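The structure is shown first, and the description follows it.

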Amino acid sequence: MAHIEPFEVMEIQTLAREVEARGHDVIHLEIGEPDFRTPQPVLDAAQRALERERMFYTSALGLPALREAIAGFYRTRYGVEVPASRIIVTAGSSAALLLAFGVLLDAGDEVLLADPGYPCNRHFIRTLGGIPRAIPVGPSTRYQLDAALVREHWGPRTRMSMVASPANPTGTMVTPAQAHDLACAVRDKGGTLLMDEIYHGLTYGLDAHTAAAEGDDVFVVNSFSKYFQMTGWRLGWLVAPPGLVRTLETLAQNLYISPSAIAQHAALACFDPETIAIVEARRRELDERRRYLVPALESLGFHVPVVPEGAFYVYADCSALAPDSFAFARRILTEAHVAVTPGKDFGANEPERHIRIAYTQPVARLEEAVARIRKLTSAGA
């Protein structure tokens, strides 16, 4: 636990609730959670299941029908054949990551990660006895690990490399060619590539490439939380190498028995055309927010070195406005009543210079947030 610090975004949210309790209107741009309700067809499927199904434990691998539906999604969305037998439905993508790290890592094994990156990944690795090796990345590689960095930093205890595309906090992606090169580089080292694809579907101007196309030795993590707006349902999945499915099933049985039955029955409706139409319309709305927010932030004095291509975050350099993003985020919250996340959460690569802003509110609220921050900074940050 000495290596695991509090999740700063949750600390900010707690402080934001305290500010709200004092009667202030807080604009929440800190949490990685869309403001949309779960699509109605998914809610309807959950209601039908409650009336008709026995809500007992399912297989630790998940409902067979849901595994088949996910396999069909890879076929229709990506043109990639992923057998349902390789798909493990999990209690959120966090559980998928814990399973993958659990079966691959022995004590002292290293995992290469991009810095900045999602904080819980390194904490999962630590919890399971591994060692996260955070590699500083910046605009030159679009804040992503690439094959050259993997080869440069691979050591005798390195077991795997984890890459997120689109990434949190930067919203950047790897290209299909880069994904292929990463898979080859890790394979050449005798290791494993794990690709975090939980923001797939939330990309703008292009569709994401799945690393599942790069061979059945690649682990792929995805989620129903972001694109399908099911955060609180806690459901994800893992595409795993065929030879490890039984081992992963055994670990899942022991860690959490099975994923939520009601969430799985609800998720069966995610792949219906009606649901896809809803979430695609919401993707277009998120793109409108992104196209407003990036130039608006730059007009305030923030610097956005790489425009995000996916997810719903802007990772902005605030050093021209304040020397310490942690104190600056606190001031924005307590004085302007806008909640944002300082870079401290995302690693040791210049966190004091950066703030993550989630465009998970309508454009009108984003405009109000920008106006409030402008008033604050014009008074002197």
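## Packing of H10 and H12

In this predicted model, the axes of helix H10 and helix H12 (residues 363-378) come within 10 Å and cross at roughly 5 degrees. Because angles under 35 degrees count as roughly parallel, H10 is described as roughly parallel to H12.

On the H10 side the contact involves Glu288, Arg289, Tyr292, Leu293, Ala296, Ser299 and Leu300, which meet Val363, Leu366, Glu367, Val370, Ile373 and Arg374 in H12. Sorted by class, the contact of H10 with H12 has eight nonpolar, one polar and four charged residues.

## Span and end of H10

Helix H10 comprises 28 residues, 273-300, and reaches 41 Å from its first C-alpha to its last, which is close to the 40 Å expected at 1.5 Å a residue. Just after H10, glycine 301 adopts a positive phi of about 115 degrees.

Three strands, in the order E9-E12-E11, form an open sheet with antiparallel pairing. Strand E9 (313-317) and strand E11 (341-342) stand at the edges and each has a single partner strand, so one side of each is left without a neighbour in the sheet.

E9 and strand E12 (residues 354-358) run antiparallel and are joined by five bridges; the bridge partner of tyrosine 313 is alanine 358 in E12. Helix H11 (residues 325-336) packs on the sheet, where it touches E11 and E12, and the direction of H11 makes about 40 degrees with that of E12.

Notes. Residues are numbered from 1 along each chain as its sequence is written. This is a predicted model: local features need pLDDT of at least 70, side-chain atom pairs count only at pLDDT 80 or more; totals for chains, interfaces and linings use all residues. Side-chain values use heavy atoms; hydrogens and water are left out. Helices (H or I, at least four residues) and strands (E, at least two) are DSSP runs, numbered from the N terminus. The expected span of a helix is 1.5 Å times one less than its number of residues. Two strands pair if DSSP finds at least two bridges between them. Contact means heavy atoms within 4.5 Å. Axes are lines fitted to C-alpha atoms, for helices over the stretch in contact, and angles run from 0 to 180 degrees between N-to-C directions. Angles under 35 degrees count as roughly parallel, over 145 as roughly antiparallel, 65 to 115 as roughly perpendicular and the rest as oblique. Ala, Val, Leu, Ile, Met, Phe, Trp, Tyr, Cys and Pro count as nonpolar, Asp, Glu, Lys and Arg as charged, and the others, Gly among them, as polar.
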